[in-house]
Amino acid sequence: MQHLDLQVVRQALQWSCQGQRVWLCTVLFTYGSAPRAPGSLLAVNERGQWVGSLSGGCVEEDFLARVGEGEFAGPVAVVRYGDGSDSRSNIRLPCGGVLDVLVENLPADCDVQAHLRELESALLGQRRLLRQVSLHDGQRRLSDDIEQGPRVAYDEAAVHLRVGAAQRLLLAGYSSVAHFCAEFGKGLGFEVILCEPREEVLDGVELDGIEIRRELPSVFIANGGCHRDTAVVALTHDPKIDDLAMLEAVRTEAFYIGVMGSRTTSEKRRERLQRIGKLDEQALGRIHAPIGLNLGSKTPAEIALAVLADVLRTRSGIAREAL
């Protein structure tokens with residue numbers, strides 16, 4: 001399934017190349033009930049056609065009406081829905097939710113089209129970008145994103161947006177813990193891929209909405225299966241699966257690499273990777289082992305929760321000491 005934000009950017013680019021003005025909307029902030037996360041996109045053209053989503057219905061209808069009335073004629077605006085502070089909108093979100101939306105009025109010119117092409121490349125996983133939009137005049141600036149952190153940050157002067165591929169969770173091998181990680185990851189909005197070459201292990205396994213590849217995870221990784229928004233998680237206790245996956249994962253830009261095992265098992269694995277795989281201290285330091293946060297987890301579901309919590313912590317740029 002194509003990443004929705006990628007669809008939005010591609011359609012906006014197509015409309016712009018056809019000579020149409022485009023309003024590009026980005027969710028900045030949500031409070032309470034809000035079905036779309038910060039950073040989510042919607043695009044509208046001057047004919048009232050639209051793609052993407054801000055809230056799932058009522059907000060889109062109100063926004064389209066306001067665009068049709070010529071309300072967003074300036075280069076940039078921030079609109080708040082849900083708390084009654086905007087007298088031009090009577091929209092109330094469920095459960096007292098609040099939604100802030102950045103609205104950019106983009107003319108059909110070469111600069112806009114070049115900017116949208118850069119966003120497309122980022123959403124395809126070719127690079128990660130920091131996008132800055134001035135709230136004074138709508139000027140846009142792109143730079144390489146080399147850190148983890150919140151997807152959206154803004155103040156009175158500018159909005160700062162992280163743009164990258166759909167977050168990917170790569171599960172190296174199947175186990176009961178991996179099963180729960182797959183389900184949790186899907187619920188958290190990750191693109192989940194399970195690599196498992198052992199047919200007997202997959203017998204009877206059902207995981208709706210999860211891509212299952214019957215190959216060694218190390219082979220998938222070596223063939224380009226990881227980008228900078230990928231978390232690689234090995235949870236089998238099988239060195240042929242886990243160790244090989246770690247050897248390949250540290251050669252990628254994956255933002256999280258982790259493998260399950262006790263402290264004793266992890267030390268033995270570390271020695272193997274150093275001796276056989278010739279990994280140096282910097283590469284070994286990228287591997288989270290033992291994996292996950294220390295939540296006192298015992299059951300497969302509890303361990304999976306600890307693993308995904310650590311992935312989310314890393315993705316948000318939060319140090320363990322700050323928890």
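Start at lysine 278, in the loop between α8 and α9 (281–285). The model is a predicted one. Lysine 278 has a phi near 60 degrees, a positive value in a residue other than glycine. With a relative accessible area of 67%, Lys278 counts as exposed, because the cut-off for that class is over 50%.

Next, select histidine 237, in the loop between β13 and α7. Its phi is also positive, at about 65 degrees, although histidine 237 is not a glycine. The relative accessible area of His237 is 51%, and the residue is exposed.

Now show helices α7 (residues 239–249) and α8 (residues 263–275), whose axes come within 11 Å and cross at roughly 55 degrees. The two helices are therefore oblique to each other, and α7 passes α8 in a right-handed crossing. To see the contact, select Pro239, Asp242, Asp243, Met246 and Leu247 in α7, which meet Arg269, Arg272 and Leu273 in α8. These residues divide into four nonpolar, no polar and four charged.

Move to proline 290, in the loop between β15 (287–288) and α10. The peptide bond that leads from alanine 289 to proline 290 is cis, with omega near 0 degrees.

Finish inside. The largest nonpolar core has 25 residues, and Leu169, Leu171, Cys181, Val233 and Leu235 have the most contacts within it. Two or more residues each come from β10 (168–172), α4 (176–187), β11 (191–195), β13 (230–234) and α10 (300–315). Centre on leucine 171: beyond its sequence neighbours within four places, its contacts include Ala178, Cys181, Val192, Ile193, Val233 and Leu235. Another core, of 22 residues, lies apart from this one, and Ala172, Val232, Ile257 and Val259 are among its members.

Key
Residues are numbered from 1 along each chain as its sequence is written. This is a predicted model: local features need pLDDT of at least 70, side-chain atom pairs count only at pLDDT 80 or more; totals for chains, interfaces and linings use all residues. Side-chain values use heavy atoms; hydrogens and water are left out. A nonpolar core is a set of buried Ala, Val, Leu, Ile, Met, Phe, Trp, Tyr and Cys residues joined through side-chain atoms within 4.5 Å. Buried means under 20% relative accessible area, exposed over 50%, partly exposed in between (1.4 Å probe, protein chains only). Helices (H or I, at least four residues) and strands (E, at least two) are DSSP runs, numbered from the N terminus. Contact means heavy atoms within 4.5 Å. Axes are lines fitted to C-alpha atoms, for helices over the stretch in contact, and angles run from 0 to 180 degrees between N-to-C directions. Angles under 35 degrees count as roughly parallel, over 145 as roughly antiparallel, 65 to 115 as roughly perpendicular and the rest as oblique. A crossing is left-handed if the near helix is turned anticlockwise from the far one by less than a right angle, and right-handed if clockwise. Ala, Val, Leu, Ile, Met, Phe, Trp, Tyr, Cys and Pro count as nonpolar, Asp, Glu, Lys and Arg as charged, and the others, Gly among them, as polar.
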